[in-house]
Amino acid sequence: GGAAFPTHVKLAPPKDHTVHTLIINGAECEPYLTSDHRTMVEYAPRVMFGIRVMMRALGVEKCVVGIERNKPDAVAAMIAARPADLDIGILPLTVKYPQGAEKMLIKAVTGVEVPSGKLPVTVGVVVQNVGSVAAIAEVFETGLPLVERIVTVTGHGLRKPANLIVPVGTKLRDLLAFCGGVTADAAEVIVGGPMMGQAQGNLEAPVVKGTTGVVVLAREETRAERSWPCIHCGRCLEACPVFLNPSTLGELALARRYETMSEMHLADCMLCGSCAFVCPSNLPLAQLFQGAKAALRRQLATAS
Ligand code: SF4
Ligand code: SF4
């Protein structure tokens, strides 16, 4: 599933909740990544078969596939492949980042907001990614587990960007070489997308089941190494899709006041990076929040 969350867990929701709708996430999770788009265009019947399997597993009668409006070929392919005996809606969505974030997608599709700290099942929905749905279908078609996946290999620092079907375990070095190698001004390799991905210095690292993309950034696309104090301009507050206060959270993170961050709903932060992207002081806000979340998890583990 998205962020490598186990798909089978999502398909076995707690008994005290009723799931009425399966939502398929066809909104790409990050800029630059196009693997879900290509999957919908090239493997629409397979995606539909995966949806059939998942609807059966969940016992739901309704499914909605959310796809951003700038992918009309994917919308058309999915409409054409829709089986007549299932209630599957194809919903074009506004193009905006992070439309592919689970709670954003649920709000866009159902109009309902998942309460802070709660899971989607509390509002009666389960969300699955296009990639997971296609993978489930493949398991049923071939009997094989997930041994390969579609990976977007792209970025201005790469010679021949492509979406590739890649065996899990392939080294990043081989992947980049297959795409013509990197350009002279290539500066950084990111595994995942440019907003939420992780910089990877070791090109011997493998593609894993959760590798959606590999992005090679050119020098002018990378962050300046230096950051400056917050000037309280408020841009990060306007950018945050879940209405947090990244400015204050950032200051609390630097002071290691993690419990106070928790009280300020850090758990709702989806680490989308929108705040850091607009910050004129170049503060690594999402990184700070990721560190704070990890520290809180460690504290919880030590206490239990
Ligand atoms: S965008 Fe950056 S400088 Fe502006 S308020 Fe937020 S953290 Fe401070
Ligand atoms: S990373 Fe920043 S913008 Fe994104 S949800 Fe967290 S605080 Fe909000």
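Biologist: How many cavities of 30 Å³ or more does the structure hold, and what is the volume of the largest cavity?
Modeller: This is a predicted model, and what follows is computed from its atoms. The structure holds 1 cavity of 30 Å³ or more. For the largest cavity, the volume comes to about 90 Å³.

Biologist: Which elements give two or more residues to the lining of the largest cavity?
Modeller: The lining of the largest cavity is made up of 14 residues, and those nearest its centre are Cys 240, Cys 269, Cys 272, Cys 275 and Phe 289. The elements that contribute two or more residues to this lining are helix H9 (246-254) and helix H12 (285-303).

Biologist: Into which classes do the residues of the lining of the largest cavity divide?
Modeller: Cys and Phe both count as nonpolar, and residues of these kinds lie nearest the centre of the largest cavity, as Cys 240 and Phe 289 show. Taken over the whole lining, the division is 13 nonpolar, 1 polar and no charged.

Biologist: How many nonpolar, polar and charged residues are in the shell around ligand 1?
Modeller: The surroundings of ligand 1 include Cys 230, Cys 233, Cys 236 and Cys 279, along with others such as His 232 and Ser 247. The shell around ligand 1 divides into 8 nonpolar, 4 polar and no charged.

Biologist: What distance separates the centres of domain 2 and domain 3?
Modeller: The domain assignment gives domain 1 (2-142), domain 2 (148-221) and domain 3 (235-303). Taken over C-alpha atoms, the centres of domain 2 and domain 3 are separated by 27 Å.

Biologist: How many residues apart in sequence are the parts that the aromatic pair of Phe 49 and Phe 140 ties together?
Modeller: A search of the whole structure finds 1 aromatic pair. Phe 49 and Phe 140 form this pair, with 6.4 Å from centre to centre and 85° between the planes, which makes it edge-to-face. Because Phe 49 lies in helix H3 (residues 44-58) and Phe 140 in helix H6 (residues 130-142), the parts tied together are 91 residues apart.

Biologist: Is the peptide bond from Tyr 97 to Pro 98 cis or trans?
Modeller: Pro 98 belongs to the loop between strand E3 (87-93) and helix H5 (102-110). With omega near 0°, the peptide bond from Tyr 97 to Pro 98 is cis.

Notes. Residues are numbered from 1 along each chain as its sequence is written. Chains are lettered from A and ligands numbered from 1 in the order in which they are written. This is a predicted model: local features need pLDDT of at least 70, side-chain atom pairs count only at pLDDT 80 or more; totals for chains, interfaces and linings use all residues. Side-chain values use heavy atoms; hydrogens and water are left out. A residue is near a molecule or strand if one of its heavy atoms lies within 4 Å of it. Domain bounds come from an automatic or database domain assignment. On a 1 Å grid over the protein atoms alone, a cavity is a set of points where a 1.4 Å probe fits but cannot get out, and a pocket is an open set with protein on both sides within 12 Å along at least five of seven lines; lining residues have an atom within 4 Å of a point. Grid points are joined across faces, edges and corners, and a volume is the space filled by probe spheres set on the points. Helices (H or I, at least four residues) and strands (E, at least two) are DSSP runs, numbered from the N terminus. Rings of Phe, Tyr and Trp (its six-membered ring) pair if their centres lie within 6.5 Å; planes under 30 degrees apart count as stacked, over 60 as edge-to-face and the rest as tilted.
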